[in-house]
Every structure is written in structure tokens, then in C-alpha cells.
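Take a look at the model before reading on.

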Amino acid sequence: MKRALLKMLTLATVAFGWAVSPVQAAESIRIGYIPVLGSSALFVIDGEGWAKQAGLDVQLVRFTSGPQAIQALVAGRIDGYVAGVLPLLQARAHGVDVKVVATASIEELSVIARGALAQGIKPDVDGGLAPDDVKAIFARFKQDQTRLPRLAAQPAGSVPDTLLRYWLQKQLDFAQVNTVASIVGVDIDAAQQAFLAGAVDGAVLREPALTVVKTRLPDARILASGHSMMPDQPGSVLAIVKPDAPEHKVWAGTLTNLFVRATRLLAQHPDDAVPFVQKALGGGMLNDDVMKTALEHSASRFVSDPARIVESVKQLQEFEVSEGLLRKAEPVEDLFDTGLWQQAKP
């Protein structure tokens, strides 16, 4: 029934002039991505066969980390990118003409706690705790355990690490992070495994990892939701290299249309995306129920409007400069091109 309704809606959009127009790409379009839920729009486009139907030959290129994807982008080995937004500012600083044309998701990252750090948190508090309550939890942990809690994030300079430090300093008003927590920088998979193994007391995770750990550790609790860490927290984005260049302009609008369409499906009908996301991320390790739950929990965060994150990107970049992670701030507005999204939205 849902499939039939979606087909009817797709046909109906033609009358409003924003449906995807078939084009013929001269060669393959290489889109680099990180295997996280924020890349799900790509998996929907691929699984539904929308790119082929529109005359595009889209090749998905998987990377295990943001820095790898950025290196490929700077070297000209990919034409587009679906991953975190902050590294793109540095790519532009190195002379790469890359533009964010749509967002994929917002408020992806949350802080989850286990053991002594999770004590006293009610299981239904998925929206995160009030700052004073979190500060009290940290103080109690330090007093009872006679040590600082260990929090797993990705390496220094990554979005998870920067966001964790921003939350501790700006939202919780801790002057020095190293007096509150010990931050452990590891890769995405290692952070989840360290949390499950009890090697850390908390971790910065996103879906489907959050659903996985809550399923395996029923006593795990959300310490800070994506929204409480930072409202409109920037997540994954779709960026295109030289979107106005003649060789890219022939497909940039069509790809953006498809991406917005896929993001809308994820927001409105997340269950329909389960097989595509499961194929891309499950790897035989997750069952459909876990992926379904993860997508349903994330539905409201699948947002395609790039203007939504401009201010939060500015805030995080300013924080990175103040922390010495960046030498200087880059013009954030120059990174965004909202025109293609404006043409794609219904």
C-alpha cells in the first residue's frame, strides 16, 4: 500500500515541476560516503534504482573515516561526498571548490552512558538530561569511583570529538574538559565495542549503534541527546565538487533532487528504507528489527534543508578555532549552495 502511494505521489510531483528529469551522464559519478545512518539517502537512491532511471551512473565509494573521504575529495578521486560537514571547510581552505547542496540528517550524535555513569537516569529520558542534572552525575561519579569517567569519541579534530568537547564546555559550562572526563579517541566501530565491553563509561554514538547497545545493555542510558548536545547539530551532508562546472552541472541538480526525495522517504516512511539500509550497513550483523527501530528513532532527524545547519556549523568552527584545532575560521556561507535544494523541494 505504501509503495503504491509513493508511486502516486512521485507521478503527482511532475505536475508541480520539481520531479527529476532524466539526463545522461557522460561518465560515472563517484560519491564517497561513510557507512553511517546519515548516509541512508544514498542507500535508498541505490536500492530503488532511481539514479539509473534518471540516466545517472552513480558509483558509491565507501570510506571508513572522514579524513579518508576528504583526502579522496582533495585528490579529485570523488565527485561528491556524503559525510560530516566540518572537514569540508578545510577542503575549501586548500582550494577545493566544493559546495554543500543538501543536508542528510541533523542531531545524529548522542552521548550514552553505562554502569555507574548511568545510575539514576530514567530509561525513558531519551531527550537528554538538564545541564545541572548531568553535572551532578559527573560529580557523583568522580566522588564514588575516585576517578574521571572515560568517554569514547573519535580522534581529536573529528566532529564527534569536537561536539563532545563543545557540549562539556559550552552547554555544561565546564571550564576544563580534562577535569571532568577522560576522552578516548578511537574509530567508529571501536567506540561501540569499547562501550559494550565496559572499557569506557560513556560514548558518543549515533544510530544504529545506539539501538544496538541499548538492546544488548538494557541498563544503558542516554546522557545527552543530539538536540541537547547542540540544537540543529550538523550531521551528514551531500556536497558536490564544482557543482557549477559544465561537466558537473549536467547531473548536480538531478542528483540533489534524488537525494532530497530519498531524505523525504526516510523521514516519512522509514520502514520502506529498511532493506536498503540493512544491505549497506547491516553486514549480516544486525537484524531487520534493530534497523527498523534505528530508522524510526531517526525519522525526524532526516532533514534536507542545508540552511538549517549554517549557524551550528559557524558555532562549531568558532569553537575549533578557540581550541586551537583550526588556525582560522573559513567563511561558512561560501560552503553552502542552497539553490539546488530550493529547486528540489516540493
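There's one cavity of 30 Å³ or more in this predicted model. A cavity here is a set of points on a 1 Å grid over the protein atoms alone where a 1.4 Å probe fits but cannot get out. Local features need pLDDT of at least 70 and side-chain atom pairs count only at pLDDT 80 or more, while totals for chains, interfaces and linings use all residues. Numbering runs from 1 along each chain as its sequence is written, and side-chain values use heavy atoms, with hydrogens and water left out.

**The cavity**
- The largest cavity comes out at about 100 Å³, a volume being the space filled by probe spheres set on the points, which are joined across faces, edges and corners.
- Its lining (residues with an atom within 4 Å of a point) includes Leu37, Ser105, Glu108, Arg206, Glu207 and Phe302.
- By type, the lining splits into four charged, three polar and three nonpolar residues, with Gly counted as polar.

**Val44**
- Val44 sits in helix α2, residues 40-48 (helices are DSSP runs of H or I, at least four residues).
- Val44 is buried at 0% relative accessible area, where buried means under 20% with a 1.4 Å probe, protein chains only.
- Leaving out residues up to four places away in sequence, Val44 touches Trp50, Ala262, Leu265, Leu266, Ala273 and Phe276 (contact is heavy atoms within 4.5 Å).
- Val44 and Thr263 lie 219 residues apart in sequence, with 8.5 Å between their C-alphas.

**Helix α9**
- Ala209, Leu210, Thr211, Val212 and Val213 are buried in α9 (209-216).
- Among the elements covering them are α8 (188-197), α13 (288-298) and β5 (110-113), strands being DSSP E runs of at least two residues.

Conventions. On a 1 Å grid over the protein atoms alone, a cavity is a set of points where a 1.4 Å probe fits but cannot get out, and a pocket is an open set with protein on both sides within 12 Å along at least five of seven lines; lining residues have an atom within 4 Å of a point. Buried means under 20% relative accessible area, exposed over 50%, partly exposed in between (1.4 Å probe, protein chains only).
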